[in-house]
Amino acid sequence: MDFEKIRKFLNEEDKFCRFCGIELTVVGDGYAEAVLHVDQDKLNARGVVQGGAIMTLADFAFAGAVNGSGVNGVSLNCTTNFIRPGIGDELKAVCRKVSQGRKTAVYSVEVFNGDGKLAATMSITGFVIDEPISKVLKNS
C-alpha cells in the first residue's frame, strides 16, 4: 500500500479540509494523523476552536486511517466527547483502527490541543465502499 500516495490524494482532493486548513501528516495501515492550523476564522464566540472544526479534523484523520487500511471508506456515525477547549496554534488528531469488517469499520480518534493535552475523543463508525481505494487512486 502506497501510504504517501493516499495522503497526497486526500490532501489534494478533499477541498473542504483544504479550505478549513486541515491536512493529513501521516497515513499508515489503519492509522493516521492530521493537523488543524488554527486562525481567527476557526474560533467560536468564546474564543476557542469551534466544535465542528474539531469534528472535521477527526473525520479527516479517520479518512486517512480507513483508506490507509486498503479500503475505500466513509464516515457513517461519529460520537464525540469534548474534554477541554480547543486552544493553540495547531490541533492534532490521531486515529487508530479498532475493528474492521467487510462493510463496517470502527476507529477511535484523539484530538490534542497545541499544548499536547487531550481536547476531544471520537468513536467513528465507517462504511466500506465496494470500490477499493487502489482503484480510486489509479483513476486520479
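Here are a few questions and answers about this predicted model.

User: Why is Ile129 called partly exposed?
Analyst: Its relative accessibility is 31%. Buried would need under 20% and exposed over 50%, so Ile129, at 31%, counts as partly exposed.

User: What makes Ile129 part of a nonpolar patch on the surface?
Analyst: A patch takes residues with over 30% relative accessible area, and Ile129 has 31%. Ile129 forms the patch with Val74, Leu76 and Phe127, and together they have about 320 Å² of accessible area. Strand S3 (72–82) and strand S6 (118–129) each give two or more residues to this patch, and Ile129 itself lies in S6.

User: How do you know that S1 and S2 pair?
Analyst: Pairing needs at least two bridges, and S1 and S2 have 6, in the antiparallel sense; therefore they count as paired. Val27 stands opposite Ala32 in S2. The two strands form a hairpin with 2 residues between them, and Gly30 in the turn has a positive phi of about 70°.

User: What makes S2 and strand S4 a pair?
Analyst: Again the requirement is at least two bridges. S2 and S4 (residues 90–100) have 7, also antiparallel, so they pair. Here Val35 stands opposite Lys92 in S4.

User: Which residues have the most contacts inside the largest nonpolar core?
Analyst: They are Leu36, Leu57, Leu91, Val109, Val111 and Met122, in a core of 38 residues. Helix H3 (residues 51–68) gives the largest share, 10 residues.

Key:
Residues numbered from 1 in each chain as written. Predicted model: local features only at pLDDT ≥ 70, side-chain atom pairs only at ≥ 80, totals over all residues. Heavy atoms only, no water. Core = buried A, V, L, I, M, F, W, Y, C linked by side-chain atoms within 4.5 Å. Buried < 20%, exposed > 50% of the residue type's maximum accessible area, 1.4 Å probe, protein only. Helix = DSSP H or I, 4+ residues; strand = E, 2+ residues; numbered from the N terminus. Patch = residues over 30% accessible without salt bridge, like charges linked within 9 Å, V, L, I, M, F, W, Y side chains within 5 Å. Areas by Shrake-Rupley, 256 points an atom, 1.4 Å probe, with all protein chains shown as cover. Salt bridge = Lys/Arg side-chain N within 4 Å of Asp/Glu carboxyl O.
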